[in-house]
Amino acid sequence: MKTKLILFFTLVSFGCIQSQEINCVATQQELAELVEAQNFKEASIKVKLLLSKCPTKDENLYLLGAKVIQNEIDLATNDDKEKAVKELIALYDKHDEFFPNNTSNNLINKATIYYEYGMGTDEETFKLFDKAFAKDKFQFVNSLSLYTYFKLFNENYKSGEDTSFDRMLDKYAQVVSVIDKNKTLSANNAIEFENVRISVNSMVKNYLTVENLTDYAERNLKQNKDNAAWLSSTVDLMMEKCSDKAIFGQVAYYLHTVQPSSKSAYALGAFNLKNNNREKAVDYLKQAAELASDKQEKAKIYATNASILFGFDKKLAKESALLSIQNDATNGENYLFLANLYSSAAQECGTTPIEQKTVYYLANKYAQKASEVQPSLKPASNALSDQYKKFAFTDKEKEQIKKSDNKVTIDCWLNETVEF
């Protein structure tokens, strides 16, 4: 009898266990459908059941669960909100425990939740952000999270808590690199992360003095001569305020040696320009344009080069301006530049009144083209055009041109034949 009773209870117990087993795949599919239908009340029950019975079956459980709990947080009263927030934090922890190689950035998610809902101290929040940043800084794809991390880092620096100036500057440069990468991902990202850049720059503007930046570079260059990442970020830090300094030229030189790029060549161009080495500046800027992969960037560099060349090599200035147009035909400023460049050569290249007026004729065509491609330039375009029209051909000059097959050749650096 005793044996029969033991067997009976064993069978009952086994039956209870069996009754608690669920079909994980089917139940998770039901959860997905409930979330899609925004039936979050029923979805919440499914989440709890799946977390209890199937925590390791499918990582998507945690992504769906986060949506369900976030909805609970959004709808909760103050009394219930803290409970829901703790559930979300626990969900992130379970996700990392059972799927340690997930790419959901849960350290950042937790830190953001801590900060947004005041669930931890600033120190706890910062440590979570800092651990995530050390693991992979480019996982910061949320603009608010990146801003909050640097804000907390900056507060630590200001309070003197174990943060040197060099570490602060390194961190700032790294954050800027994350901003730059995120800005390339979408138009919305570009706006959001540009706002982060403005905020971050505002935090550090008092530290980024010429003296501080040059001292920083001089202290750290020797051990970083082959460190492309450090050299690149230091060029970025110094470009605006220190591009005339010798130490900037050295940093740019080593960067161009270790990792030649449009950026390194442009930095050397800027350095030489600031130090009145125009020929070297032009050479490096030409390299920068050739190395650039983005057409807009190429156009900007060629335009910069053209403006430098205007003063000492007009032929090359013309070539550079035309290359800028070739890469961006929508920028009317290039056409205004050519109009001014040509008009400056009327006396220089025109040996007769007809040749001189032909140069003004060409200048006028460029002036008019500027407003065609960029209507906002119409006032400037019309002002130049009115000046050039004063040099219109007389009837007698028109007859002379007709006798020359309606052609006028301009020598000098222009070297053009104009057909009327």
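This is a predicted model: local features need pLDDT of at least 70, side-chain atom pairs count only at pLDDT 80 or more; totals for chains, interfaces and linings use all residues.
I'll start with helices H2 and H3. H2 covers residues 24-36 and H3 covers residues 40-53. Their axes come within 9 Å and cross at roughly 150°. Angles over 145 degrees count as roughly antiparallel, so H2 is roughly antiparallel to H3. The crossing of these two helices is left-handed.

Which residues make that contact? On the H2 side there are Cys-24, Thr-27, Gln-28, Glu-30, Leu-31, Leu-34 and Val-35. On the H3 side they meet Phe-40, Glu-42, Ala-43, Lys-46, Val-47, Leu-49, Leu-50 and Lys-53. Sorted by class, the contact of H2 with H3 has nine nonpolar, two polar and four charged residues.

Next, helices H12 and H14. H12 is residues 228-242, and H14 is residues 262-274. Here the axes come within 11 Å, and the crossing angle is roughly 40°. H12 passes H14 in a left-handed crossing. H12 contributes Ser-232, Val-235, Asp-236 and Met-239 to the contact, and H14 contributes Lys-263, Tyr-266, Ala-267 and Ala-270. By class, the contact of H12 with H14 has five nonpolar residues, one polar and two charged.

Last, the strands. S1 runs over residues 407-410, and S2 over residues 416-419. How many bridges join S1 to S2? There are four, and the two strands run antiparallel. As one example of the pairing, Lys-407 stands opposite Glu-419 in S2. Together S1 and S2 form a hairpin, with five residues between them. In the turn, Cys-412 has a positive phi of about 60°.

Now the faces of these strands. Side chains along S1 alternate. Which of them are buried? Val-408 and Ile-410 are, and they point to one face.

Terms used. Residues are numbered from 1 along each chain as its sequence is written. Side-chain values use heavy atoms; hydrogens and water are left out. Axes are lines fitted to C-alpha atoms, for helices over the stretch in contact, and angles run from 0 to 180 degrees between N-to-C directions. Angles under 35 degrees count as roughly parallel, over 145 as roughly antiparallel, 65 to 115 as roughly perpendicular and the rest as oblique. A crossing is left-handed if the near helix is turned anticlockwise from the far one by less than a right angle, and right-handed if clockwise. Contact means heavy atoms within 4.5 Å. Ala, Val, Leu, Ile, Met, Phe, Trp, Tyr, Cys and Pro count as nonpolar, Asp, Glu, Lys and Arg as charged, and the others, Gly among them, as polar. Buried means under 20% relative accessible area, exposed over 50%, partly exposed in between (1.4 Å probe, protein chains only). Two strands pair if DSSP finds at least two bridges between them.
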